[in-house]
Amino acid sequence: MQYAEVAVIVPVRLYQTFHYRVPSQLQSELKKFSRVEVPFAGRLVQGFVVGFSRPPHLQKVKDIKRVLEQAPFLNDDLYETACWMVQRYLCSLGDALQCIAGSPVGSSQARQENGLVVADGQFNQAVLARAPKQKITLEAARACPGLTKSQLAAKAGVSAAVVNALLAKGLLKEAAAVQAGGHEAMPRAAIPPLTAEQELAVSQLRQALRAAGPSAWLLHGVTGSGKTEVYLRLIDETLNMRRQVIVLVPEISLTPQMVERFRARFGQQVALLHSALSQGERYAEKARIRAGQAAVVLGARSAIFAPVPDLGLIIIDEEHEHSYKQEESPKYHAREVALQRAAQNKAVVVLGSATPALESYCRARPGGPYGLITMTKRVDQRELPKVHIIDLRKELAAGNTSIFSVALQNALAGRLAKGEKSILFLNRRGLATVVICRQCGGVMKCPRCEISYTLHSDGWLKCHYCGHAARAPGICPCCGGQTIRSFGVGTQRVEEEVKRLFPDCRVLRMDADTTARKGSHRQLLHEFAHGDAQVLIGTQMIAKGLDIHQVTLVGVISADITLHMPDFRAAERTFQLLTQVAGRAGRGSKPGEVIIQTYDPGHFSIITAQNHDYLGFYHKEMAVRRSLRYPPFSYLIKILFTGLNEGDVMAAAQYWQERLAEAGRNLAVRDWEILGPAPAGIPRIKNRYRWQLILKGMASRDIRRLAAAVLEQAGTRYKQVAVSIDVDPLNL
Ligand code: ADP
Ligand code: ZN
């Protein structure tokens, strides 16, 4: 192997790779998929070796500079997934491989087996200060986990004795030895017998697992119907077949209870992958996964790329969650990657949710590609909570200016008197500013796209889909009301209000501010579940997975913030959030109650959430989507242009718009259109202007083909403007 073909991690054409010569001293080290450093356009860049073919021309071939990682967590299976990502998400092969392999672990020749990593826990800094060589070595190990003893010694410029001393003190560990530790699997007897609905679900899915082919299933089960127990049984089945399982959860720090349940059932076989892991911990977990030691991988989005040897089952819990979509390039959706990996491995995919994404539910309708399994009852016949809708327009008219309606104040007072717990939910304030009339609840919308206008600093209302603009009115065009303004309240304000109304109440607040520290989520939740706090105030992070039995009241401060997001999925997100939040109430023996405050009490997404009526919501919302030709009745690609000079950004967007139109004619693509250029929903971030184009088409392949064609020719024309492509965007 004199030559290697390298997929470099720089913006290049989609499948483009480059040939390099393999210098003799690297011959023995280099393998397929090794991570290397190569000269490229006058600088050094990283890339992955994807083959050893001879270059067509030998003149200008340069040498590979060095091997950064001999065996990253890649294999032929994952390489196939990377190639699929290139055509699906229009990213370069190097970007796709980088995304799958994760960040590099260690400099030259990180070994596949048992490299050294820094052990968990606090070091005695004072002691280390007196041992500078040990300190340097630890720093080197932290920067480059996974090195062998001699590599680490060489890297830190110390003798092997220093590394040995650190090993002896337990400050360094062999990667494979770093484990969760102390998790014994639960005795068989503690596993509950299944409910009838669970039994049916498990038997159907068990059959799917035993069948030889790939398949995908939507498990639509109301909150509290016991979906997790179904997952656990299926995992057991898959382990018996000596295959591995990937389980995705929206955000692992938010689901400590889920982690506990998995550990209790499968003990050491569980590997956790999430963003809070250090590089060393991640390396250790991946090493256990690759070796087949950890057969149950539990993690957030990127765990979908776990290097399991024989993938048998993928479970995506809360499959509708937007956190499964990566917002940086490559902008993949873990659900779509899961389906692809399942197809490659003849694995089964189970998508679980109480509120499936419209895209998923429509694929599970008769004739669609997914099987549908429905669980309609809560375990133990527990009732779904009673939901009340409070019309905020009437509160204002009756002279109540508090952010709490009278009904919510009374309900809260009742819970405090009885010693029961309450949750007050406030979704994160939308980043874009929408304008609402506080008298009639009306919102200014683009007549063409039916999404809320965004208020710009120049006083104009703009549609960030199509660019349509209107003057912000001084009085409401519907009711003539004068209290027309942008609005939003923060969690802090809610906390102050609770304390004003109930001075003795013990309140916990959970939002981005109070949970910035690692592990603080868990701590706050634990405190709320087991401590004496009576009220928890939080953002959407509390909507997920929380299972606290003493909670009997959930109050939603304002459903409108989500409902009027400038996004065609606003109604869907409202329904999902309300349903999920409501699902937090009444999980114990006492029934739960939910109070939703809104200026738009007649909206179907609120009413169907009140009635726990997913199908009702589904049909209404599908009708809206059909009439406006939004997904799932069409496909979208968002192309975002950003740069410091607004003129350049607009020119680039305009140029792309023209090239796309031209490509559409040349390639004779039908049933598609371009929206924009328009300023993005957030028109400027950190001094960078943002404009966007939206491609809308009836066939995903067609509009991807157009975007790819223009990317090839126009990709680098405006050097000062960054272009980012988002296929099937969730944020428009
Ligand atoms: P979901 O994920 O569908 O919202 P969970 O899996 O969290 O529901 O289950 C809700 C509650 O019911 C949990 O406390 C769980 O331990 C319990 N549970 C689940 N299945 C059973 C069963 N078969 N028997 C008794 N309790 C169960
Ligand atoms: Zn519009």
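**Strands, cores and a ligand shell**

User: In which sense do β10 and strand β12 (residues 296-299) pair, and which residue of β12 is the bridge partner of V247?
Analyst: β10 and strand β12 (residues 296-299) pair in the parallel sense over four bridges, where strands are DSSP runs of E with at least two residues, helices are runs of H or I with at least four residues, and both are numbered from the N terminus. Pairing requires that DSSP finds at least two bridges between two strands. Within β12, the residue that partners V247 is L298.

User: Which pLDDT is needed for local features?
Analyst: Residues are numbered from 1 along each chain as its sequence is written, while chains are lettered from A and ligands numbered from 1 in the order in which they are written. Because this is a predicted model, totals for chains, interfaces and linings use all residues, side-chain atom pairs count only at pLDDT 80 or more, and local features need a pLDDT of at least 70.

User: With which other strand is β10 (residues 244-248) joined by five bridges?
Analyst: The strand in question runs parallel to β10 and covers residues 311-317.

User: How many of the residues of β10 are buried?
Analyst: A residue counts as buried if 20 or more other C-beta atoms lie within 10 Å of its own, as exposed if 12 or fewer do, and as partly exposed in between, with C-beta atoms placed from the backbone. In a regular strand the side chains alternate between the two faces of the sheet. In β10 both faces are covered, with Q244, I246 and L248 on one side and V245 and V247 on the other. The number of buried residues in β10 is five of five.

User: Which residues have the most contacts inside the largest nonpolar core?
Analyst: A nonpolar core is a set of buried Ala, Val, Leu, Ile, Met, Phe, Trp, Tyr and Cys residues joined through C-beta atoms within 7 Å. The largest such core has 138 residues, and those with the most contacts inside it are I246, L248, V296, V297 and V349.

User: Which residues are in contact with L640, leaving aside its neighbours within four places in sequence?
Analyst: L640 lies in strand β27 (residues 635-643) and is partly exposed, because 18 other C-beta atoms lie within 10 Å. Contact here means that the C-beta atoms of two residues, placed from the backbone, lie within 7 Å. By that criterion, the residues in contact with L640 are A680, R690, Q692, S724 and D726.

User: In what order do the three strands of the open antiparallel sheet stand?
Analyst: β19 (454-455) and β21 (469-471) stand at the edges with a single partner strand each, so one side of each is left without a neighbour in the sheet. Two bridges join β19 to β20 (residues 460-462), and T454 stands opposite K462 in β20. The order is β19-β20-β21.

User: Which residues come nearest to ligand 1?
Analyst: The shell around ligand 1 has four nonpolar, eight polar and three charged residues, counting Ala, Val, Leu, Ile, Met, Phe, Trp, Tyr, Cys and Pro as nonpolar, Asp, Glu, Lys and Arg as charged, and the others, Gly among them, as polar. Being near means that a C-beta atom placed from the backbone lies within 6 Å of the molecule or strand. Helix α8 (residues 227-240) supplies the largest share of this shell, three residues. Of the 15 residues around the ligand, those that come nearest are P192, G226, K227, T228 and E229.

User: Where is the cis peptide bond with omega near 5 degrees?
Analyst: Most residues other than glycine have a negative phi, and most peptide bonds are trans. One cis bond, from S329 to P330, has omega near -10 degrees, and P330 is found in the loop between β13 and α11 (334-345). The cis bond with omega near 5 degrees runs from P631 to P632.

User: Is A41, with its positive phi, buried or exposed?
Analyst: A41 has phi near 45 degrees and is found in the loop between β3 (35-40) and β4 (43-51). Because 7 C-beta neighbours lie inside 10 Å, A41 counts as exposed.
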